[in-house]
Amino acid sequence: MNLQDFAKLLRSRWITVGVTMVVAVLGAVAVTLLTTPLYQASTRLFVSTTAGSSLSDVYQGNRFSQERVVSYAELLTGETLAQRTIDKLGLGMSAKALKENIKATAKPDTVLIDVAVLDESPVRARDIANTLADEFVVMVRELETPEDGTPPDARVVVEQRASIPDRPVIPKVARNIAAGVALGLLLGVGLAVLRDRFDNTVKDGKTFEEITGVGLVGSIPLDKERRKEAAISFGSENSGIAEAFRKLRTNLQFLAVDNPPRLIVVTSSMPGEGKSTTAINISLALAEADHNVVLVDGDMRRPMLHKYLDLVGSAGFSTVLSGAASLSEVLQKTRFPGLTVLTSGTVPPNPSELLGSLAAQKVLGEMRAQFDYVIVDSSPLLAVTDAAILAANSDGVLIMARFKQTKREQLAHAIGNLQDVGAALLGAVFTMTPTRGHASYNYSYSYYGDDNARRQPPNPARPSGEVTQPAGGRRRAAE
């Protein structure tokens, strides 16, 4: 993983990193609030020795004091002195408990000892520190005084007495919060990398193309408005999703210049990947470019087009295949110019047999001769075999995959189903891609027609930047 891949990972998993950091910081705050505040009182001791008159005696005395300092620091944190302090102050604690809150530090190459005492009460911390220092002075005098009663060579003086601390030293709020942020960041990034390693969904164009073996011809951004209204009003809308479908339309027109596909099946591996919405808006985008388009609901198990477009769903494809009506009788004009719809009709007991029949091939052939484009919204490939049957009788297939939802093995299995029936795969389309932070996923193939369109003067009757059909390029019903 290079730096660019790592940056993409952080952009895609920023919620994981952010949530982990928030949890870690909240944990640090909780620990801080639950920690009993401790106050620290400090005192300083000075160790001296009896100095002689000569320079040599002074030097030896100084060395003697420095050697004594290390031993005295050990005595200061011992249980004996702690017990003497407890007895003097009448504290209700053990010597072992008190010694754990005493810290003595001997400064290198000096005769000074710093003593720090921690306690829940600032006043008691001061009293313990001062009493501890006083008792230590007495204790050293007792230890250093010879048996004959002559003055000791070493003595300890309290150089600085303790005062009442004004704020607790534990908990360290700033340090705890900083540690929470750092730990949360590390855990968040680690969790993001781990989730990415175990994520088997399709989330980038390179993986999508490797699995399908075809190019990514469209990337449709997530638009929550499509939940309320599946169809886009291309005549009055220039939103990001509308432009994405216009780009997809342009790419479709250049997929095979010599033999452009006209009967196109739109499918996906699993339900919920935006297949029907994509089929509707591909048809509308083609109709916007003055093509005569028929949209066919090839999902005879869970038909949805009539609901999305407010059409009659009781008569349609299955009605024609059963011989109960002719094709012209069940084709329905929509409120969108240039778009005709053949709904699924009544749900039959044998959809696969109907779709694989010669009658189905004949009906599709009739529509192919009558319209410029026939867009078939089929069922998901892994749910039933209907989509594969329709794909085998089409000019090509557009395979959908929902960004970071479709699993790689599901997509690979769906492609295998298409290959088994010899279906031609035209291209891959990402659906519901994020609108921000994933520009690398929003592929748009650049054809020479796009550049020509940008150089042409704008046509008020056609959307800006759209490729116009050459004269005679549109297929008529008479053809």
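Colleague: On what basis are the values computed?
Modeller: Residues are numbered from 1 along each chain as its sequence is written, and side-chain values use heavy atoms, without hydrogens and water. In this predicted model, local features need pLDDT of at least 70 and side-chain atom pairs count only at pLDDT 80 or more, whereas totals for chains, interfaces and linings use all residues.

Colleague: Within what arc do the buried residues of helix 4 fall?
Modeller: Helices (H or I, at least four residues) and strands (E, at least two) are DSSP runs, numbered from the N terminus. Buried means under 20% relative accessible area, exposed over 50%, and partly exposed in between (1.4 Å probe, protein chains only). In helix 4, residues 79-89, the buried residues are Leu81, Ala82, Thr85 and Ile86. Seen down the helix axis, with directions taken from the axis to the C-beta atoms, they line one face because they fall within an arc of 140°.

Colleague: Which backbone oxygen does the side chain of Thr85 reach?
Modeller: Thr85 is buried, with a relative accessible area of 0%. Contact denotes heavy atoms within 4.5 Å; leaving aside neighbours within four places in sequence, Thr85 is in contact with Leu98, Ile128, Thr131 and Leu132. At 2.9 Å, the side chain of Thr85 reaches the backbone oxygen of Leu81.

Colleague: With which residue does Lys88 form a salt bridge?
Modeller: Lys88 is one of the exposed residues on the face of helix 4 turned away from its buried side, and its relative accessible area is 55%. A salt bridge requires a side-chain nitrogen of Lys or Arg within 4 Å of a carboxyl oxygen of Asp or Glu. The closest N and O atoms of the pair are 3.4 Å apart, and the partner of Lys88 is Glu135.

Colleague: Is Glu135 buried or exposed?
Modeller: The pair links distant parts of the chain, with Lys88 in helix 4 and Glu135 in helix 6 (residues 122-144), 47 residues apart. At 11% relative accessibility, Glu135 counts as buried.

Colleague: How many residues are in the largest nonpolar core?
Modeller: A nonpolar core is a set of buried Ala, Val, Leu, Ile, Met, Phe, Trp, Tyr and Cys residues joined through side-chain atoms within 4.5 Å. Phe208, Val296, Phe317, Leu342, Met367 and Val376 touch the most other members of the largest core, and the number of residues in that core is 42.

Terms used. A polar contact is a pair of N or O atoms within 3.5 Å; within protein, one must be able to donate a hydrogen and the other to accept it, and residues adjacent in sequence count only if both atoms are side-chain atoms.
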